[in-house]
Amino acid sequence: MFRMWGKIWKNNHLLQNTVICITDYSLSRTAMVFQALDNICYEFDLSKPIWLDVNISEFQRTAKTRFTQDCFIEQISFDFLEIQIIEE
């Protein structure tokens with residue numbers, strides 16, 4: 001089972017979090033990551049963030065990244081959205 005943890009942080013406080021599980025193994029790992037991020041954004045009622053080069057390299061190294069205001073087109077009311085793969 002593929003599981004991704006999504007967390008919204010503001011002033012070093014966790015405001016919201018969710019775990020998304022994907023069991024469709026016909027998808028590639030990249031497709032599962034994008035699907036889980038879409039589900040997290042839907043659950044938090046957010047627009048989808050833009051993957052910057054920093055996000056891509058950090059996610060490839062640690063399976064975890066943070067999306068700050070620079071990654072969103074709309075204004076956000078928190079410091080960052082953090083995603084982390086917790087199970088593959």
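Where is N12 found? N12 sits in the loop between β1 and β2 (13-22).

## Basis of the model

This is a predicted model, in which local features need pLDDT of at least 70, side-chain atom pairs count only at pLDDT 80 or more, and totals for chains, interfaces and linings use all residues. Residues are numbered from 1 along each chain as its sequence is written, and side-chain values use heavy atoms, with hydrogens and water left out.

Elements are DSSP runs numbered from the N terminus: helices are H or I with at least four residues, strands are E with at least two. Burial follows relative accessible area with a 1.4 Å probe and protein chains only: buried is under 20%, exposed is over 50%, and partly exposed is in between.

## Positive phi

N12 is not a glycine, yet its phi is positive, at about 60°. N12 counts as exposed, at 71% relative accessibility.

A63 is another residue other than glycine with a positive phi, near 60°. A63 lies in the loop between α2 and β3. Its relative accessible area is 17%, so A63 is buried.

## Salt bridges

Side chains of opposite charge can pair when their charged atoms come close. Here a salt bridge requires a side-chain nitrogen of Lys or Arg within 4 Å of a carboxyl oxygen of Asp or Glu. By this rule the count comes to 4 salt bridges.

E82 pairs with K7, and their closest N and O atoms are 2.7 Å apart. R66 is partly exposed, with a relative accessible area of 42%. For E82 the relative accessible area is 2%, which makes it buried. Through shared partners, salt bridges join K7, R66 and E82 into one network.

D38 forms a salt bridge with K48. Their closest N and O atoms are 3.8 Å apart. The pair links distant parts of the chain, with D38 in helix α1 and K48 in the loop between α1 and α2, 10 residues apart. D38 is partly exposed at 29% relative accessibility, whereas K48 is exposed at 56%.

## Largest pocket

A pocket is defined on a 1 Å grid over the protein atoms alone: it is an open set of points with protein on both sides within 12 Å along at least five of seven lines, and lining residues have an atom within 4 Å of a point. Grid points are joined across faces, edges and corners, and volume is the space filled by probe spheres set on them. The largest pocket holds about 150 Å³ of space.

Its lining consists of R29, T30, V33, F34, W51, I56, F59 and Q60. The elements that give two or more residues to this lining are α1 and α2. α1 gives the most, with 4 residues. By class, the lining has 5 nonpolar, 2 polar and 1 charged residues. Nonpolar covers Ala, Val, Leu, Ile, Met, Phe, Trp, Tyr, Cys and Pro; charged covers Asp, Glu, Lys and Arg; the others, Gly among them, are polar.

## Nonpolar surface patch

I50, L52, V54 and I73 form a nonpolar patch on the surface. Together they have about 400 Å² of accessible area. Patch residues have over 30% relative accessible area and no salt bridge; nonpolar side chains (Val, Leu, Ile, Met, Phe, Trp, Tyr) are joined within 5 Å, like charges within 9 Å. Areas come from the Shrake-Rupley method with a 1.4 Å probe, and for residues only the protein chains shown count as cover.

L52 lies in the loop between α1 (29-44) and α2 (53-62). L52 is partly exposed, at 34% relative accessible area.

## Distances across the chain

R3 lies in strand β1. It is partly exposed, with a relative accessible area of 28%. R3 and E82 are 79 residues apart in sequence and 14 Å apart in space, C-alpha to C-alpha.

D53 is in helix α2 and is exposed at 66% relative accessibility. The C-alpha atoms of D53 and D24 are separated by 28 Å, with the two 29 residues apart along the chain.

Note on methods: On a 1 Å grid over the protein atoms alone, a cavity is a set of points where a 1.4 Å probe fits but cannot get out, and a pocket is an open set with protein on both sides within 12 Å along at least five of seven lines; lining residues have an atom within 4 Å of a point.
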